[in-house]
Amino acid sequence: MPDAVQVLQSLVVVVFAPLYVGAIARAESMVASKRGPSVFQPYRDLAKLLRKGAAISDQASWIFRGAPFVVFACYLTVSAIVPIITSVPLPLAFLADLLGGAFVLTLASFAITLAGMDTASPYGDLGASRATWIGSLVEPALILVFFTVGVLSASDNPYLMNHAVRASPYAIVLPAHLLGSLAFFMLILVENGRIPIESPGGSNEIASIEEGRVHEYSGRYYALMRWGSWMKFFLMSSIFVNVFIIPWGLDGSAHNMLGGLIAVPVLLGKLGICGLVVVVIDTSFAKLRFFRIAEFVGAAFLVALLGVVTSYVVSV
Amino acid sequence: MESLSTSSVSGTLVTLSAVLMLLAAFACLGSKLFNRYVAYYGFQSVVLSFAAAVIAEHYGSGELWALAALTLLIKGIGIPLSTRHLLLQRLDLRRDVAVSTGLSTSLIIGALLTAFAFLVIGPQDLPAGAVASSAVPLSTALVLLGGLAMVVRRHTVAQLIGWLITENGVFLGAITLAATFPFIVEAGIFLDLVAAVLMMVAYVSGITRSLAEATASELRELRG
């Protein structure tokens with residue numbers, strides 16, 4: 001039965017990731033006093049893109065054609081190893097810990113970068129160069145966040161972390177944990193191109209980072225790339241709510257499908273809270289100038305560093 | 001009387017406030033615009049008054065309630081508004097250009113100072129369960145960060161705010177460690193502080209009539 005729950009977990013990520021993005025886009029329009037697109041618009045976009053044929057440059061190599069599948073597979077792998085709907089490790093959870101998950105996410109980003117450079121389109125190159133620069137800044141901060149996680153659970157396994165926080169809820173307000181959570185949230189915004197870094201979904205070439213890399217894609221390849229990036233946002237937000245902020249409401253046994261199914265609406269509710277914060281940030285801040293991004297990531301690094309420093313309290 | 005341990009609700013709230021105050025101090029250190037600099041200080045003081053209220057509620061101490069209210073009124077609202085008025089309206093200063101190191105350098109030094117505070121006052125050395133133990137090194141870190149702001153900033157009003165951050169740290173440490181501290185001592189410190197701020201503001205606004213910018217390096221030239 002855990003195998004079925006394992007499949008369910010990955011399905012939840014694949015199926016609900018567009019809904020999460022659509023709901024956030026809708027909420028942002030509503031805050032701006034607009035009606036906005038339906039929350040199901042991302043599904044319609046995907047259906048449209050999947051029906052269409054793809055135009056591929058005759059200069060493109062197999063890297064360009066293969067990258068969308070590698071990317072999608074990477075995000076599917078991560079969906080199997082982190083706690084999304086269960087708080088007990090599923091059969092595939094042995095594959096990697098948080099650090100390993102971060103490696104797989106970076107592998108996906110690496111594939112997108114290669115694909116962006118493959119056709120020698122200037123936009124792809126520009127996006128690749130920018131994304132790599134930001135990625136090199138994000139990496140050390142992310143590793144420090146994992147250290148703050150390790151402070152509480154003496155492990156970098158997301159399941160153990162979830163248990164540690166549930167076992168003593170006051171651990172949530174320990175400085176190390178709070179600062180680590182804040183830094184992780186800032187890194188989610190950076191990694192997924194949300195507002196202080198990039199206007200989500202906008203393909204304004206002057207500012208584009210994530211969009212620049214996939215500029216040359218069309219049709220079903222583009223659908224896979226978009227879907228993958230939504231899954232990444234969904235996955236990172238799930239890790240944020242399930243491991244850092246609200247570790248309750250997960251299926252504790254993984255013995256039957258019912259528990260897993262009950263955990264799904266709970267997860268969506270928790271993601272709604274996280275999405276609300278993203279909406280508030282998206283609508284109340286302006287995009288940073290490109291070289292100010294280093295300061296934003298530097299602030300996340302500093303917060304995570306403070307989290308590690310203040311971790312002495314764990315012995316209380 | 002129940003002690004203010006880390007795992008009690010009050011202790012948790014105090015720790016939370018201390019973390020927010022530390023973040024506000026870092027925000028102060030990293031902000032170039034005067035109005036933000038002052039606003040972050042105001043936010044820090046509001047959080048401090050909240051912590052004081054939590055401790056007052058915990059010990060049922062009317063004196064601490066009075067101090068919390070005074071903190072909110074004077075340090076949370078009064079001082080930020082008056083310094084903001086002074087800097088933005090009367091002196092027409094928006095950006096603090098008189099900074100002796102880069103902002104990122106000062107943030108890194110600030111992180112090192114925080115680490116130093118935790119090294120010196122390891123919360124694990126404090127009696128377990130007696131105090132909200134992580135608030136103590138955090139308050140020490142605030143004292144050091146306020147000192148750092150005074151060293152890094154050259155504008156007199158900015159230095160004054162640095163000094164007030166230090167004062168917030170001292171106050172946080174005092175109410176965490178010895179909440180039953182005689183009221184008269186704390187109130188005396190408080191009145192001293194208010195008098196000092198009033199004098200400083202009057203002095204700075206007087207002196208800036210003749211000097212365009214009241215930076216400490218220029219004030220030093222006034223020596224006989």
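**Exercise 1: a threonine and its surroundings**

The side chain of A:Thr148 reaches the backbone oxygen of A:Val145 at 2.6 Å. This is a predicted model, where local features need pLDDT of at least 70, side-chain atom pairs count only at pLDDT 80 or more, and totals for chains, interfaces and linings use all residues. Side-chain values use heavy atoms, leaving out hydrogens and water, residues are numbered from 1 along each chain as its sequence is written, and chains are lettered from A and ligands numbered from 1 in the order in which they are written.

Task: find out where A:Thr148 sits and whether A:Thr148 is buried or exposed.

Solution: 
- Step 1: look in helix α5 of chain A, residues 122–153 (helices are DSSP runs of H or I, at least four residues, numbered from the N terminus).
- Step 2: with a relative accessible area of 2%, A:Thr148 is buried (under 20%; exposed is over 50%, partly exposed in between, with a 1.4 Å probe and protein chains only).
- Step 3: beyond neighbours within four places in sequence, A:Thr148 is in contact with A:Ala176, A:Gly180, A:Ala304, A:Gly307 and A:Val308 (heavy atoms within 4.5 Å).

**Exercise 2: a methionine**

Task: work out which residues A:Met231 touches, not counting those up to four places away in sequence.

Solution: 
- Step 1: go to helix α9 of chain A, residues 219–245.
- Step 2: A:Met231 counts as buried, because its relative accessibility is 0%.
- Step 3: list the residues it touches: A:Val13, A:Val14, A:Ala17, A:Phe72, A:Tyr75 and A:Leu76.
- Step 4: check A:Gln9 too, 222 residues from A:Met231 in sequence and 12 Å away in space, C-alpha to C-alpha.

Key. Helices (H or I, at least four residues) and strands (E, at least two) are DSSP runs, numbered from the N terminus. A polar contact is a pair of N or O atoms within 3.5 Å; within protein, one must be able to donate a hydrogen and the other to accept it, and residues adjacent in sequence count only if both atoms are side-chain atoms.
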